[in-house]
Amino acid sequence: MRPYLLKGHERPLTQLKYNREGDLLFSCARDQNPTLWFSENGQRVGTYVGHNGQISTCDVSMDSSRLLTGSSDSTAKLWEVETGNCLHTFKFQSPCRAVAYSIDEQMAALSTDPFMAQEPAINIVRMAQDSSEQSSEVVQQLTGFSKRITRVAWTDLNRVLVTAGEDGYIRRWDVETGTILVEQKHHEKEIRDMCIYKDGTHLATASTDKTVKLIDTQTLDVLRVYQTDRPANAVALSPIFDQILIGGGQDAADVTTTNDRAGGFQSRFFHKIFMEEIGSVRGHFGPVNAIAIHPDGRSFATGGEDGYVRINPMQEEKDYLVASSA
């Protein structure tokens, strides 16, 4: 595989997100500027300038017209994807850690961290079709936990919100009442990433306790456990194969004392059912912090502590057979 090496960030990556068609790739990093790329050739389209803190997360609308970002500057911003104009700013009293559009995009979930006297919360806001009518009013607030929420996702036709937290808990919330339906502690340390499968039946969580777990979305029971022997920072589920892609590596503070092979900076493929490692891809000098698989399942992108984004096309089976016979 010959990857595209994208240099557009000066600080470590935090999240990668493809749009629905997969022709656009959004990258978030600790350098305050979310960046848009063409996924086919790695060309940088532009950046979204306006935040004053690291960008923790993003989500893009189904028609790729609007981008939602959350930042440590205690704001979430709504952007027009094509022009880069900021359409609205949601202001909070603490850093915004996770954002997610609802399935119909009429609502959005914005999580805020514990900070000073502020308790952590998940704020539900309504999204207006006309950006000039957009309000910052919080229509529902989910509370009752002490650690920050790192990932949020909508399910059950927007009736339920699934969250992953720094405390190792996975929770299902009733959006209408704000109550916890189910909660289970599946990790001993922080959950860094969560990915829901395209049909919504199961999800995967990546944790610094060196495990990745496949979990039933309804019951939150663990279906499979993948041992990684190193902190897991990112996870993605293939939409076409029984594969799970895991990224991570040793702590960034120890990066200069070892090489990429010893540090475990590879992106590793596991068989989703049999839990066996079936391959790995090297390239980053530092932990892999973000992973996203293209919607067609034929390529994937990784973002590292080194500030680089790598787009890795997967070799077609027919091409492999031709190369082998030659």
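The largest pocket holds about 1,400 Å³ of space. A pocket here is an open set of points on a 1 Å grid over the protein atoms alone, where a 1.4 Å probe fits, with protein on both sides within 12 Å along at least five of seven lines; lining residues have an atom within 4 Å of a point. The volume is the space filled by probe spheres set on the points, joined across faces, edges and corners.

This is a predicted model, so local features need pLDDT of at least 70 and side-chain atom pairs pLDDT 80 or more, while totals for chains, interfaces and linings use all residues. Residues are numbered from 1 along each chain as its sequence is written, and side-chain values use heavy atoms, without hydrogens and water.

Back to the largest pocket: 47 residues line it, and Lys17, Tyr18, Asp59, Cys195 and Ile196 are the closest to its centre. By class, that lining has 27 nonpolar, twelve polar and eight charged residues.

What about the second largest pocket, and how much space lies in it? About 480 Å³. Its lining has 20 residues, with Thr14, Arg30, Glu190, Arg192 and Asn289 nearest the centre. Four of the lining residues are nonpolar, eight polar and eight charged. In both counts, Ala, Val, Leu, Ile, Met, Phe, Trp, Tyr, Cys and Pro are nonpolar, Asp, Glu, Lys and Arg charged, and the others, Gly among them, polar.

Now one residue elsewhere. Leu161 touches Ala109, Ile122 and Trp173, among others, leaving out residues up to four places away in sequence; touching means heavy atoms within 4.5 Å.
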